[in-house]
Amino acid sequence: MYVRHLQVTDFRSWEHADLAFEPGVSVLVGRNGQGKTNLVEALGYVATLGSHRVATDAPLIRHGAPRAVVRTAVVNDGRELLVELEITPGKANRARINRGPVPRPRDVLGILRTVLFAPEDLALVRGDPGERRRFLDELLTTRAPRYAGVRSDYERVLKQRGALLKSVRAARNADISTLDVWDGHLARHGAELLAARLDLVADIAPHVAAAYAEVAPESRPARIAYRSSLGEAFPYQVAGSAGGAHDRDVLEDALLAELHRVRPQELERGVCLVGPHRDDLDLALGELPAKGYASHGESWSFALALRLGGYELLRVEGAEPVLVLDDVFAELDRGRRRQLAKVAAGAEQVLITAAVAEDVPGELDGLRFDVRHGEVHRV
Ligand SMILES: Nc1ncnc2c1ncn2[C@@H]1O[C@H](COP(=O)(O)OP(=O)(O)O)[C@@H](O)[C@H]1O
Ligand SMILES: [Mg+2]
């Protein structure tokens, strides 16, 4: 798939920008702060309905403007679709496909698939578990857009059950029978999300290990494994051992039993202690965890391997995503640069941002855009 056209209005620093792309390599070149990342962030928003830099929509709207609009034409297997999103903070976004309104913004998910590698990705290795859960869930949604619904159902149940726990805690003698009902909801939606994450980790693990071995051949082997908050109650021997077929019913029963077991602690603390919102993705180099042990270079390589692993998984499953490399070449040493360039050169489309053109390896020759003073020009 490739992006043929991108147009933004009042998105971040851009009052207006209009870019025509082609398959292959496109490089956006401009000094820091000129708005390069803002442009690829707009594409990321179409792909995920979120930003890789901020958790809320407000910063995406140009300062002083009421709303932002992102419009993009995406070609997949020769078929072109036009996606338009109107982002208004504090209100529901509006979406159109081929100029026709769709009921929910998430109906656009799946039209554009991207894999973005950016400096922020160091947090995948060094940051807290929420970063890695987001990595898994975004990839899951890119792989199968219906998981956007599963995620939001789970989030909703989690919030309501959390509120219930807090209110029960506040009023000591409150009726807790409704908690059973919410345990059931949490276990059901949680099991669906958990099974999908486990399948994903089983499927992506070999790609991540292979990508790491390529970008850092001198380092110890990289391994990833899912860490469930079920602990001892986790019904599989090793996460991923079911070889990409984790049973939702088995996981639902395990979640229910564990919720029952930890209920006294939950009532005492007023928080949900079990479920996919408490899980993590363990990253290891040889016998040691990456977090706290890996060097800066190894951490970078691991973050890159996670992204490239995701890219490779989507590619072999038949929906090659657009690869977006935001300001990353300057951060990589020669060897890693060359490895990344090798993968990128084979991509159907890769969009690259860089402060200076010399940072981009020579084999990634293609369209070039200059980004300066709020304008973007093809050169
Ligand atoms: N909502 C916004 N309204 C106006 N300007 C913004 C907004 N969000 C970010 N900016 C500006 O965008 C610039 C950063 O753009 P960015 O795309 O990150 O630059 P780079 O070219 O270095 O990737 C900064 O000058 C920042 O002040
Ligand atoms: Mg940038």
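Predicted model: local features only at pLDDT ≥ 70, side-chain atom pairs only at ≥ 80, totals over all residues.
**Reading the ligand 1 site and the fold**

User: How much of ligand 1 does the protein bury?
Analyst: Start from the ligand alone. Ligand 1 then exposes 580 Å². The protein buries 68% of that area.

User: What polar backbone atoms approach ligand 1 at Asn38 and Pro59?
Analyst: Look for N and O atoms. At Asn38, a polar backbone atom is 2.7 Å from an oxygen atom of ligand 1. At Pro59, a backbone N or O atom lies 2.8 Å from a nitrogen atom of the ligand.

User: Which residues surround ligand 1, and of what class?
Analyst: The shell has 15 residues. Gly33, Lys36, Thr37, Asn38 and Ile61 are the closest. By class, two are nonpolar, eight polar and five charged.

User: Is Asp10 buried or exposed?
Analyst: Check its relative accessible area. The value is 14%, under the 20% cut-off, so Asp10 is buried. Asp10 belongs to strand β1, residues 2-11. Beyond its neighbours within four places in sequence, its contacts include Glu15, Leu60, Ile61 and Arg67.

User: What does the radius of gyration say about the whole chain?
Analyst: Compare it with a compact globule. For 379 residues that would be near 21 Å; the protein has 22 Å, which agrees. The C-alpha trace spans about 70 × 50 × 35 Å along its principal axes.

User: How many helices and strands are there?
Analyst: Eight helices and 15 strands. Of the 379 residues, 53% count as buried.

Technical notes: Residues numbered from 1 in each chain as written. Chains lettered and ligands numbered in written order. Heavy atoms only, no water. Near = heavy atom within 4 Å. Polar contact = N/O pair within 3.5 Å; in protein donor to acceptor, adjacent residues only side chain to side chain. Areas by Shrake-Rupley, 256 points an atom, 1.4 Å probe, with all protein chains shown as cover. Nonpolar A, V, L, I, M, F, W, Y, C, P; charged D, E, K, R; others polar. Helix = DSSP H or I, 4+ residues; strand = E, 2+ residues; numbered from the N terminus. Buried < 20%, exposed > 50% of the residue type's maximum accessible area, 1.4 Å probe, protein only. Contact = heavy atoms within 4.5 Å. Rg over C-alpha atoms; globule rule 2.2 N^0.38 Å.
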